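My entries follow in the order in which I checked each item.

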Amino acid sequence: MTMTEDVRLLMLAGDYVEDYEIMVPYQALLMLGYKVDVVSPGKKAGDKVLTAIHDFEGAQTYSEKPGHAFELNATFDEIDTDNYIGLIVPGGRAPEHLRLNPRVIEIVRAFADRPLAAICHGAQLLAAADIIKGRRVSAYPACRPEVEMAGATYADIPVTDAVTDGELVTAPAWPAHPAWLAQFLSVLGASVTI
């Protein structure tokens, strides 16, 4: 893959975003040559969001442990969605509170017909933005009612899989990173060859 211009992606974050779901796609996309601006409401470049590590340890739901402090590299109030070719929405607990911010909803809606990758609880933002009606969407299983109430078909797939519907790529949780990122790259029109 060769980047010939400044190709920019936007990532929405908030406190207690899932650690792997922000770190892995951010670093992988940078490695491939994308510029990824990570923003959070009320914060500017240089501010940090706290992350949480969610794991699957045999309980009825995931466990949660403290993660890292992720440094944002762009200022939320300065975002112009026209400057980005795609949006990434990581999961964790962040989408639960981000969906209450009207500007976040506007941003998500701006990418309704552009490349958009959401994972795990990121579907909460998609549902709140009312952009998934009639689409096939994966998410963490606890988000299934929200996905279905928003008029989408819940894709009940293995935790290591992802699903693409048009330019929307979704997955249930971070174990799906290889499939989710590969499908997102395809939607972006990129390819990686060895």
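Entry 1, the sheet. I counted two strands as paired if DSSP finds at least two bridges between them. The model is a predicted one. With that criterion I found six strands in an open sheet, in the order β3-β1-β6-β7-β11-β10, with mixed pairing. I noted β3 (35-39) and β10 as the edge strands, since each pairs on one side only.

Entry 2, strand β1. I asked how many of the residues of β1 are buried. Four of the five are, so β1 is largely enclosed by the rest of the structure. On one side I traced five bridges to β3, in the parallel sense; there Leu9 stands opposite Val36. β1 also pairs in the parallel sense with β6, over three bridges, and I recorded Ile88 of β6 as the bridge partner of Met11.

Entry 3, the β10 end. I found that β10 and β11 run antiparallel and are joined by three bridges. As one pair I noted Asp165 with its bridge partner Leu168 in β11.

I checked the length of α6 (residues 177-188) first: at 1.5 Å a residue, its twelve residues should span 16 Å, and the end C-alpha atoms are 16 Å apart, which agrees. Next I asked which residues of α6 are buried. I listed His177, Trp180, Leu181, Phe184, Leu185, Val187 and Leu188. These cover an arc of only 160° around the axis, which puts them on the same side of α6. I kept in mind that an α-helix has 3.6 residues a turn, so residues three or four places apart point the same way. On the face turned away from the buried side I found the exposed residues Pro178 and Ser186.

I looked up what the buried residues of α6 pack against: β1 (8-12), α1 (19-31), β6 (86-89), β7 (116-119), β10 (163-165) and β11 (168-171). Last, I checked what follows α6 and found Gly189, whose phi is positive, near 85°.

Conventions: Residues numbered from 1 in each chain as written. Predicted model: local features only at pLDDT ≥ 70, side-chain atom pairs only at ≥ 80, totals over all residues. Heavy atoms only, no water. Expected span 1.5 Å × (residues − 1). Buried < 20%, exposed > 50% of the residue type's maximum accessible area, 1.4 Å probe, protein only. Arc of directions from axis to C-beta. Contact = heavy atoms within 4.5 Å.
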